[in-house]
Amino acid sequence: MALWAGRFKKELDPRTNDFNSSIRFDARMYRDDISGSIVHAAMLEKQGVISQEDKEAICTGLAEIADDIEKGRLSFDPNAEDVHMFIEAELTARIGDAGKRLHTGRSRNDQVALDIRMYLRREIDEILGQLLELTGVFCDKAEENLETVMPGYTHLQRAQPVTFAHHLMAYVQMFLRDIQRLEQTFWRMNVCPLGSGALAGTTYPLDRAFTAEQLGFDRPSANSLDGVSDRDFCIELASDLSILMMHLSRFSEEVVAWCSWEFKFIELDDAFATGSSIMPQKKNPDITELVRGKTGRVYGDLVTLLTMMKGLPLAYNKDMQEDKEAIFDAVDTVKLCVSTVTPMVKTMRVLKENMRLAAAKGFINATDCADYLVKKGLPFRDAYKITGALVARCIDEGETLETLPLSAYREASGIFEEDVYAAIDLAACVKERKVQGGPAPEAVKAQLAAARAELGKFNEEAE
């Protein structure tokens, strides 16, 4: 019989129980539920609400339940309504009336709000650890490719020369922002709702500050209605994870292109690619394609949470039970993707010559050619027009700006001298882009140093 069954005269229809039950997905919060209950019991005893004997029986019983679950001696009852009721019923069965006193001064409303915050705090810590590792791998790969010239693109058209290191460091900046967002979400999440009761607190003399401190929270929630009905932290975390997945998906799209014969900029390690059941020549970047697909899944989780909450009056409503499957799925999906992409990037082979060849064929030094004329005193718009005509001539004659004879340059403008070839050399073009944040090796080294310093700071905070 349900622990709340006193008001009811009929047994619950099994279909209602199945529909109402959440234990199949909220059982993963058992550690948090037990930890919260142990501290709640300690607080009740400290405040004189329950006896020391009852407190000790409760805490010992809960510790034994946790140990039995961990060691497989106790399985979750699929007929239980939720993890909270399962643990309380199991505790009462083991220690008798003392177990019935555990729920004094609290409601499942503030209990579940506590459990999910505690659970997601641990998950954020784990994702942060994964992200720090991923970002470090990107930095390492960038450091290996400071001189690897490749085309930079706009509109997926070859635009200007960069290095592979510079390209990777753009993703490092994205991941650093992801880390910052998760840390900020953790701070806003780290508020203890226990003591809010069902919605209006309680008449018992609870010490909410004690409970918050013992459970590692920064502070108790400021309003009991908000304490039980707030799921902003779930939505904010789902938003953070959606943005992170968007970054992974953008990189995945590039990997898919780079692996193709049309680009052939990289080759994935055999351990991180798959083959075809019918075409023996195929080596497919399935990991990155799945990351793209799973990005939509995490977006869906965010939309689920936003839609679930948008029409709810204060305070708690049963709709809010739907928060867990969505946020759990988002967390699980992100952890799976990051943990798989990290070794894929670490082991991928960079085909430097193919990158350099693509850069040479794309007239991506045209801007540098125009800049050469500007430095000789020609207005930029005139230099732009002359360079455009030279590119058109190269296309017609099957040349590149590097191979076009000086006589052709001088036909376009008498300003051109032999030194134009040094000015449009691709390596030189990159090295001259020394502006802060630019692709020159010395500029990228500065980006790397700053990123590694920030990663070091995050690691220190994590410790």
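At what angle do helix α8 and helix α11 pack, and how far apart are their axes? I looked this up in a predicted model, in which local features need pLDDT of at least 70, side-chain atom pairs count only at pLDDT 80 or more, and totals for chains, interfaces and linings use all residues. Residues are numbered from 1 along each chain as its sequence is written, and side-chain values use heavy atoms, with hydrogens and water left out.

**Helix pair.** I find that α8 (residues 164–189) and α11 (residues 232–259) pack at about 165°, with axes 9 Å apart; helices here are DSSP runs of H or I with at least four residues, numbered from the N terminus, and axes are lines fitted to C-alpha atoms over the stretch in contact, with angles from 0 to 180 degrees between N-to-C directions. The two are therefore roughly antiparallel, the term for angles over 145 degrees.

**Core.** I then turned to the largest nonpolar core, where L120, F251 and I266 touch the most other members among 76 residues; such a core joins buried Ala, Val, Leu, Ile, Met, Phe, Trp, Tyr and Cys residues through side-chain atoms within 4.5 Å, buried being under 20% relative accessible area with a 1.4 Å probe, protein chains only. Helix α7 gives this core its largest share, 14 residues. For I266, leaving aside neighbours within four places in sequence, I list contacts (heavy atoms within 4.5 Å) that include F164, W258 and M355.

**D323.** I noted that D323 lies in helix α13 and is buried, with a relative accessible area of 0%. Not counting residues up to four places away in sequence, D323 touches I116, R231, C234, L305 and M308.

Notes. Angles under 35 degrees count as roughly parallel, over 145 as roughly antiparallel, 65 to 115 as roughly perpendicular and the rest as oblique. Buried means under 20% relative accessible area, exposed over 50%, partly exposed in between (1.4 Å probe, protein chains only).
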